[in-house]
Amino acid sequence: MSCHSENATETIRNLCLGKQRCIVPSGADFWGNPCDAGVKQLSIQFTCSQPDSIVANIETSVGIVSELYLPFYGLQDVQVMENKTIIWPAKQSGAAPKGINNVAYLPNNDALKVAIMSGTYTFTVNGTATSKRQCFSVLSNETKTLACPEGSAFTQILFASFGTPTGSCGNHSRGECHAGSSKMQVERYCLGQHHCLLKADESMFGTVHCNFKSQVILAVEAICGKRPI
């Protein structure tokens with residue numbers, strides 16, 4: 001018997017799409033009762049990505065000089081504007097808008113520090129998102145180099161399974177046979193690196209109890225983004 005709330009996907013879109021965080025109720029008071037099954041669960045698959053534009057509306061008190069930090073979130077080719085005036089990069093900016101005393105890029109924080117006088121400001125950070133999902137498959141006992149595009153590195157391991165994973169890129173799930181150390185080992189060797197060498201065997205991931213070991217593979221989904229400074 002199929003038990004599913006027909007409007008679930010559309011409801012989650014309305015609650016969460018385009019937001020950094022969202023609150024999703026899981027009770028029948030919110031979702032209704034799609035069937036008479038005893039125990040029900042809410043299952044959600046989603047992908048988080050970098051924004052291409054970040055807007056900050058700021059209002060400061062009279063007589064106070066404030067320091068504002070505008071994070072770049074790993075964006076590349078960044079241009080920062082106050083209203084319609086470019087304030088960074090300096091080579092493109094003209095006279096600073098009234099009330100802005102100083103602008104400085106902080107490489108260790110990947111952010112722009114702006115000193116502002118009292119007033120109301122609208123800052124916009126425009127850039128190019130650099131994060132990109134990468135998927136890899138390594139056959140049993142094969143050694144393979146996993147690599148990000150030039151200039152980027154592995155910043156997140158979304159999924160890893162040495163065993164009999166199912167699905168395709170963006171929709172992987174564990175199969176009946178899975179090594180519990182899969183994700184931890186991939187993170188150990190790959191996070192922060194442009195490329196990493198992995199061998200899909202039990203010496204790296206531990207023993208897996210599969211009926212057909214010839215069908216065992218390593219499947220990895222990762223995010224490649226801006227290299228850490």
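At 34% relative accessibility, Lys199 counts as partly exposed. Buried here means under 20% relative accessible area, exposed over 50%, and partly exposed in between (1.4 Å probe, protein chains only). The model is predicted: local features need pLDDT of at least 70, side-chain atom pairs count only at pLDDT 80 or more, and totals for chains, interfaces and linings use all residues. Residues are numbered from 1 along each chain as its sequence is written, and side-chain values use heavy atoms, with hydrogens and water left out. Helices (H or I, at least four residues) and strands (E, at least two) are DSSP runs, numbered from the N terminus.

**Salt bridges**

- Side chains of opposite charge can pair when their charged atoms come close.
- The structure holds three salt bridges. The criterion is a side-chain nitrogen of Lys or Arg within 4 Å of a carboxyl oxygen of Asp or Glu.
- Lys199 pairs with Asp201 at 3.6 Å, N to O. Asp201 is buried, at 10% relative accessible area.
- Arg133 bridges to Glu221, with the closest N and O atoms 2.5 Å apart. This pair links distant parts of the chain: Arg133 sits in strand E8 and Glu221 in strand E12, 88 residues apart.
- Glu221 is buried at 4% relative accessibility, whereas Arg133 is partly exposed at 24%.
- Lys183 and Glu187 form a salt bridge of 2.7 Å, N to O. They are four residues apart in helix H3, and so separated by about one helical turn.

**Helix H3**

- An α-helix has 3.6 residues a turn, so residues three or four places apart point the same way.
- Ser182, Gln185, Val186 and Cys190 are buried in H3. Seen down the axis, the buried residues of H3 fall within an arc of 110°, so they line one face of the helix. The arc is taken from the directions that run from the helix axis to the C-beta atoms.
- Met184 and Arg188 are exposed on the other side of H3.

**Nonpolar cores**

- A nonpolar core is a set of buried Ala, Val, Leu, Ile, Met, Phe, Trp, Tyr and Cys residues joined through side-chain atoms within 4.5 Å.
- The largest such core has 24 residues. Leu146, Phe154, Phe162, Val186, Leu218 and Val220 touch the most other members.
- At least two residues of this core come from each of strand E8 (132-139), strand E10 (152-163), helix H3 (182-190), strand E11 (195-199), helix H4 (202-205) and strand E12 (217-226).

**Aromatic pairs**

- There are four aromatic pairs in the structure. Rings of Phe, Tyr and Trp (its six-membered ring) pair if their centres lie within 6.5 Å; planes under 30 degrees apart count as stacked, over 60 as edge-to-face and the rest as tilted.
- Tyr121 and Phe123 are stacked, at 5.9 Å centre to centre and 20° between the planes. Both residues, Tyr121 and Phe123, are buried.
- The ring centres of Phe136 and Phe154 are 6.0 Å apart and their planes stand at 65°, so this pair is edge-to-face.
- Phe136 lies in strand E8 and Phe154 in strand E10, so the pair ties together parts that are 18 residues apart in sequence.
- Phe136 is buried at 11% relative accessible area, and Phe154 is buried at 2%.

**Strands and sheet**

- Three strands form an open sheet in the order E2-E6-E5, with antiparallel pairing. Two strands pair if DSSP finds at least two bridges between them.
- Strand E2 (66-71) and strand E5 (100-106) stand at the edges, each with a single partner strand, so one side of each is left without a neighbour in the sheet.
- On average, neighbouring strands of this sheet are turned by 20° against each other, direction ignored. Axes are lines fitted to C-alpha atoms, for helices over the stretch in contact, and angles run from 0 to 180 degrees between N-to-C directions.
- E5 and strand E6 (residues 111-116) run antiparallel and are joined by six bridges. Ala104 stands opposite Lys113 in E6.
- Ile157 lies in strand E10 and is buried, at 3% relative accessible area.
- Ile157 and Ala222 are 65 residues apart in sequence, yet 4.4 Å apart in space, C-alpha to C-alpha.
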